[in-house]
Amino acid sequence: MTYTAAKPQNAETSEQLRARIPGWGADLDPDDRPSVPRERYDPGATGAHWDFPERQPEKWPRERSPEHKFLTPVFGTACPPRGVSGAIRKYAYTYSEGRAAHWLLLIAGDRVDAIENHLTSLLTLHPDNPITQTGVLSEFTRHGVRSRLGQRRTDLKHQALDPVIVVGPWIAAGAAAYLTLRKLTRGSRRG
Amino acid sequence: MRAMVYRGPYKVRVQEKDVPAIEHPNDAIVRVSLAAICGSDLHLYHGMMPDTRVGMTFGHEFIGVVDQVGSSVQNLKPGDRVMVPFNVYCGSCYFCARGLYANCHNVNPNATAVGGIYGYSHTSGGYDGGQAEYVRVPFADVGPGLIPDWMDDEDAVLLTDALSTGYFGAQLADIREGDVVVVFGAGPVGLYAAKSAWLMGAGRVIVIDHLQYRLDKARSFAHAETYNFVEYDDIVVHLKKITEYLGADAAIDAVGAEADGNFLQHVTSAKLKLQGGSPVALNWAIDSVRKGGTVSVMGAYGPMFSAVKFGDAMNKGLTLRMNQCPVKRQWPRLFEHIRNGYLKPSDIVTHRIPLEHIAEGYHIFSAKLDNCIKPLIVPTAS
């Protein structure tokens, strides 16, 4: 028991566990596990046949952390920064990862990016559709009610906030469009 | 090609995108045959990961067939069936040379604290992911591995992250024969961590969650003793009671940034993004493990600060161990365990969803509908 030196006994012995659970103890030796030791110097084991990788062409000024000495030789090329969100993101990368400003600006950039893209999608033949893109129709085909009712799921306490997060940018965009339109209409009346 | 595309928090769609091109001599282009949605994809989907850009394709769990290779690729050829670890890594930097493949320094210009991960925001390098018909795979001679002929595709895709991560998490818990191990979270990684704890000789494996259907799976798949934290006033006190007030020898956080169990913690992180993640499960792990015990963190958290109880961890003399999993290090041993019948990864797969319906897949997984544990994504071309 805990208040004396002996460790509390488990209900089953190792032999009983070995008989009940397939593979019990197959990795029993702590020194014979794939991630032990954590660092194992073996540069020849990776398949790399270079000391330093050849550099991937930089097709636009690639944003990077100031904690890097230089642009890494390989990098992702998805979604180059553009628009107001792009400007926010580029500015965010003037701060190091150790600064909250870096991450808060990036999160702000993400929200602006979503609004920019929702608005511009309305001018295309493929506008955003909050019904299909949220997958919310699966509530009707995948037992939305039965999955929640009587389940005592603690996440239900905050799931009601999810629609606010989804609809919020649309309300903000609608309000911005309305205010802009009203301003333009008033301006043309004065003219 | 058809690809999943992020459109903002809680919104994704499938649209036409250009087939990715070779951008580096050691690139390969892989035609995806099977992918998965990971629990950590939900952090992106919910808008929690900084620098997640509209237009990005998610997906860091995928397998496929090599379609093209760059001029310096030696180990792969078109037509090879490959499984691709979620880590993008060069194989030659300081960290890769020491086996820390998840911490590569040559693939992520956006952050030094994070390695490269497919389809996991620009904070993880800005690579498009595998929830698409094709994907660019950098360092084709380093990351991808050939899928053994005897291995099922569904088992292979789960080796690219979830199974390897759960197995790695159990290793970080430093389990010794007879140890009491408590796993927080009965999602895919938690289930695999619980199962792996037995391989390492645990004497008792306890799994905690609030979703009863997942706890049922933890009992049947991972032979675990389970407790639903909703049924207890204080799950930490309950864990103390059932361990003779000693606490567990090791605890594994397999929940991460969107942990439930404390409304304020959850809302300030998952909804208001004021924390890197909700550390409820991590704090329970710290409080429920015995003094001198080990906490292994497999749950993914964002890069911002989180309200973690470091005072308790320090005062209890805990060892906190964590990392993203260096996937390929785990494979040889996991292949053995699968061949020996000790593990059957695909036993936890609950949904197989066509790529065209991926928005429903994300909603089902996120809202925990239809007893969802692990959804796989089947691309159109496959």
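**Figure 1. The two domains of chain A in the predicted model.** Chain A is divided into domain 1, residues 61–128, and domain 2, residues 129–183. The model is predicted. Between the C-alpha centres of domain 1 of chain A and domain 2 of chain A there are 25 Å. At the boundary, six residues of domain 1 of chain A are in contact with seven residues of domain 2 of chain A. On the domain 1 side of this boundary in chain A, four residues are nonpolar, one is polar and one is charged.

**Figure 2. The contact between chain B and chain A.** The view shows 89 residues of chain B in contact with 85 residues of chain A. On the chain B side, the elements that give two or more residues are strands S1 (2–8) and S2 (11–16) together with helices H3 (162–172), H4 (188–199), H7 (263–271), H10 (327–339) and H11 (358–367) of chain B. H11(B) gives the most to this side, with six residues. Sorted by class, the side of chain B that touches chain A has 36 nonpolar, 31 polar and 22 charged residues. The model scores ipTM 0.95 and pTM 0.95.

**Figure 3. Chain B as a whole.** Chain B has 11 helices and 17 strands. Its C-alpha trace spans about 60 × 45 × 40 Å along the principal axes. Of the 382 residues of chain B, 68% count as buried. Among contacts in chain B with a separation of 6 or more, 71% are between residues 24 or more positions apart. The mean pLDDT of chain B is 97, and 99% of its residues reach 70 or more.

**Figure 4. The boundary between the two domains of chain B.** Domain 1 of chain B takes in residues 2–161 and 326–378, and domain 2 of chain B takes in residues 163–322. The centres of domain 1 of chain B and domain 2 of chain B, taken over C-alpha atoms, are separated by 25 Å. Across the boundary, 26 residues of domain 1 of chain B are in contact with 24 residues of domain 2 of chain B. Helices H1 (41–45), H2 (153–159) and H10 of chain B are the elements that give two or more residues to the domain 1 side. H10(B) gives the most to that side, with four residues. By class, the domain 1 side has 14 nonpolar, eight polar and four charged residues. H10(B) is also listed among the elements that give two or more residues to the side of chain B that touches chain A.

**Figure 5. Helix H5 of chain B and its buried side.** Helix H5 of chain B runs over residues 212–222, and Arg214(B), Leu215(B), Lys217(B), Ala218(B) and Ala222(B) are buried in it. An α-helix has 3.6 residues a turn, so residues three or four places apart point the same way. The cover over the buried residues of H5(B) includes H4, strand S11 (204–209) and strand S12 (225–228) of chain B. Just after H5(B), His223(B) takes a positive phi of about 55 degrees.

Figure 6. Ser288(B) is found in helix H8 of chain B, residues 280–288. Ser288(B) is buried, because 23 other C-beta atoms lie within 10 Å, where the cut-off is 20 or more. Not counting residues up to four places away in sequence, Ser288(B) touches Val182(B), Val236(B), Leu239(B), Lys240(B), Gly247(B), Ala248(B) and Ala251(B). Phe263(B) is 25 residues from Ser288(B) in sequence and 20 Å from Ser288(B) in space, C-alpha to C-alpha.

**Figure 7. Surroundings of Ala313(B).** Ala313(B) is found in helix H9 of chain B, residues 310–315. Ala313(B) counts as partly exposed, because it has 19 C-beta neighbours inside 10 Å, and a buried residue needs 20 or more. Leaving aside neighbours within four places in sequence, Ala313(B) is in contact with Ile286(B), Leu318(B) and Leu320(B). Ala285(B) is 28 residues from Ala313(B) in sequence, and their C-alpha atoms are 9.6 Å apart in space.

Definitions and conventions:
Residues are numbered from 1 along each chain as its sequence is written. Chains are lettered from A and ligands numbered from 1 in the order in which they are written. This is a predicted model: local features need pLDDT of at least 70, side-chain atom pairs count only at pLDDT 80 or more; totals for chains, interfaces and linings use all residues. Two residues are in contact if their C-beta atoms, placed from the backbone, lie within 7 Å. Ala, Val, Leu, Ile, Met, Phe, Trp, Tyr, Cys and Pro count as nonpolar, Asp, Glu, Lys and Arg as charged, and the others, Gly among them, as polar. pLDDT is the predictor's confidence in each residue, from 0 to 100. A residue is buried if 20 or more other C-beta atoms lie within 10 Å of its own, exposed if 12 or fewer, and partly exposed in between; C-beta atoms are placed from the backbone. Domain bounds come from an automatic or database domain assignment.
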